[in-house]
Amino acid sequence: MKTERHEVVLEVEQSLIWLRDEIENVLAAWCRQEKSENYWREPLIAAASAIDPLFEELRRLVDPGHAMPGDILPGAKAVIVFFLPFQQWLGKENDQGGFNAARSWAQSYVATNQLIRDINDHLKTRLEDAGYRAAVTPATHNFDEQKLVSRWSHKHLAYIAGLGKFGCHHQLITASGCCGRLGSIITSMPLAPTPRHDDEWCLEKTGHNCSACVSKCAYDALFETRYDRHRCYEQCLINDRFFDDLPLVDVCGKCGCEVPCSYRIPPAASGR
Ligand code: SF4
Ligand code: SF4
């Protein structure tokens, strides 16, 4: 016999299958046209109600200037959040890259930004074809440059949409790990919200010794008890200067590469 939660999950899956397929179509076309290396695994997708009370919390938790879905699209009904998980070889190359990010990691950042733009443009067109309105949001660089806090924080949106749980490294751990990129689009299409998860997915948060992410950060930015976002961004800018032949690549990501939560929920945390 199905539980109420199972029925909700089934309804959500049916609503989102069409949109997930559309994302997969864009990704497949990108790879067919060989626009870059294929850096990605199978996309994940989730939806939040635009009036979820947790959005208001972002003004307290992230920044008083954090946008609400209705600020970006008046009459918004849902926020769709998707995750493009990276392939393991990419995380491995970044982990082994030495002081700087790996070149492939920096190149994947440029490619993924464009891919997210393509996905958003495609979803917007398809939603409009279906009679709904949609507003795209930038993949990155939508933050306050002084405070280094986002006005549209994808990882917090993803949390609200039930796509994952935060780890000690302040990144979101999804069912396919933390190593990847998030995108979002707001729509007037009503979508059933994806249920959030009650359990934690980070080993430290489930009482296991880990801190592998802290050990990976050799830049005095991530500690067991605190995260220095300014020091972190300094390292990202060092990488940008290092790859001065590429567009803006303010990335690092070492704390999320080749750690237990990089590519999956750590089995010990999920009880599997
Ligand atoms: S590396 Fe370990 S402690 Fe760090 S976020 Fe992942 S599971 Fe948690
Ligand atoms: S992204 Fe780099 S600098 Fe920032 S916390 Fe992770 S390892 Fe440290």
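1. Phe 86 is buried, at a relative accessible area of 3%; buried denotes under 20% relative accessible area, exposed over 50%, and partly exposed the range in between, with a 1.4 Å probe and protein chains only. The model is a predicted one, in which local features need pLDDT of at least 70 and side-chain atom pairs count only at pLDDT 80 or more, while totals for chains, interfaces and linings use all residues. Residues are numbered from 1 along each chain as its sequence is written, chains are lettered from A and ligands numbered from 1 in the order in which they are written, and side-chain values use heavy atoms, with hydrogens and water left out.

2. The structure holds seven aromatic pairs. Rings of Phe, Tyr and Trp (its six-membered ring) pair if their centres lie within 6.5 Å; planes under 30 degrees apart count as stacked, over 60 as edge-to-face, and the rest as tilted. One of the pairs joins Phe 86 and Trp 105 edge-to-face, with 5.3 Å from centre to centre and 70° between the planes. Phe 86 lies in the loop between β2 and α4 (88-95), and Trp 105 in helix α5, so that this pair links distant parts of the chain, 19 residues apart. Helices (H or I, at least four residues) and strands (E, at least two) are DSSP runs, numbered from the N terminus. Trp 105 is likewise buried, at 9% relative accessibility.

3. Phe 99 and Tyr 219 form a further edge-to-face pair, at 5.4 Å centre to centre and 70° between the planes. The residues are 120 apart in the chain: Phe 99 belongs to the loop between α4 and α5, Tyr 219 to the loop between α7 (212-216) and α8 (229-242). Phe 99 is partly exposed, at 48%, whereas Tyr 219 is buried, at 6%.

4. Trp 30, Tyr 39, Trp 40 and Trp 89 make up one aromatic cluster.

5. An open, antiparallel sheet of four strands runs in the order β1-β2-β8-β3; two strands pair if DSSP finds at least two bridges between them. Because β1 (44-49) and β3 (134-136) are the edge strands, each with a single partner, one side of each has no neighbour in the sheet. Neighbouring strands are turned by 25° against each other on average, direction ignored; axes are lines fitted to C-alpha atoms, for helices over the stretch in contact, and angles run from 0 to 180 degrees between N-to-C directions.

6. β3 and the antiparallel strand β8 (residues 180-187) are joined by three bridges, and Val 136 stands opposite Ile 185 in β8. Helix α5 (residues 103-129) packs on the sheet and touches β2 (78-85), β3 and β8, contact meaning heavy atoms within 4.5 Å. The direction of α5 makes about 25° with that of β8.
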